[in-house]
Amino acid sequence: MTEHTHQTAPTQYVEANGIRFAYRRFGRTGGVPLVFNQHFQGTLDHWDPAVTDGLAKDREVILFDNAGVSSSSGEVPSSFQEMGANAIAFIKALGLVQVDVLGFSIGGMVAQEIALQGQELVRKLILVGTGPRGADMSASQSAEIFAGSYDPAEHLWLKVHFSPSDASQAAGLAFLERKLRRQDRDPLVGEQAAAAQLAAIGKYIAYREVEGYLDYLRGIRQPTLVVQGSNDVIIPTYNSYVLQQNLPNAQLIIYPDANHGSFYQYPELFVAEATLFLGR
């Protein structure tokens, strides 16, 4: 077990394909590490310590900024396939031969590409609040939510991750307090990164016009845990049903009265269920 936690793990760097990747790693060593892939405009500091430290009790956790994001060098590419390739280069640069992969939101789209391209590199997959290529975003409220004004600015994440109920908003405020890192903070995502991520989302949605656009999911044979909130207004909940129905080896958990960040609303329950899934 390393002596570090989510709040104290130092930012380290490793180079691959000319990119200097920023990462933090902590937790129980010796098993298969769990690599986290972040949401739109997210950095190392946007993860929930209740989730990362909870999972780190049984395994090593690795958080990283993909190419062009925050403290990592380079530019963000405009497709999730390229982001997946960069993530694989990062994992291999750490000398790892097998990992579990967690992806949240667009990080879940990147995680699918890692599993497809990496094959035996990936043992198990956890997909949270995400969707497949050709995701149905017709009911998404993400454009108006991200275009809104919030005071303080961090309250954007109350709207993105939590439902309007009193219980969910209270859980959201607790999340914002937990995730506030006191030192060695990661810079916010820049304009190029956000624009490229939006372009990648557009390309991913456009797969819906291609015949057989879900066929690629049959190539993701790793055991997969799909996790979702009952009313995700960013990547609508329906898309998680599509993932579970089309992946060869997937199970689905839906948390009640929950939005995009369902695992932040129920961190202890998620950690218990994810630990069971990864460990069996």
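Which residues are buried in H10? In this predicted model, where local features need pLDDT of at least 70, side-chain atom pairs count only at pLDDT 80 or more, and totals for chains, interfaces and linings use all residues, the answer is Pro-267, Phe-270, Val-271, Ala-274, Phe-277 and Leu-278. Buried here is under 20% relative accessible area, exposed is over 50%, and partly exposed sits in between (1.4 Å probe, protein chains only). Seen down the axis of H10, these buried residues fall within an arc of 130°, so they line one face of the helix; the arc is taken from the directions from the helix axis to the C-beta atoms. Turned away from that side are the exposed residues Glu-268, Leu-276 and Gly-279. Residues are numbered from 1 along each chain as its sequence is written, and side-chain values use heavy atoms, with hydrogens and water left out.

H10 itself covers residues 267–279, and its 13 residues reach 18 Å from first C-alpha to last, close to the 18 Å expected at 1.5 Å a residue (that expected span being 1.5 Å times one less than the number of residues). Helices are DSSP runs (H or I, at least four residues), numbered from the N terminus.

Over in helix H3 (residues 106–118) there is Glu-113, buried with a relative accessible area of 2%. Its side chain makes a 3.1 Å polar contact with that of Arg-133; such a contact is a pair of N or O atoms within 3.5 Å, where, within protein, one must be able to donate a hydrogen and the other to accept it, and residues adjacent in sequence count only if both atoms are side-chain atoms.

Technical notes:
Helix = DSSP H or I, 4+ residues; strand = E, 2+ residues; numbered from the N terminus.
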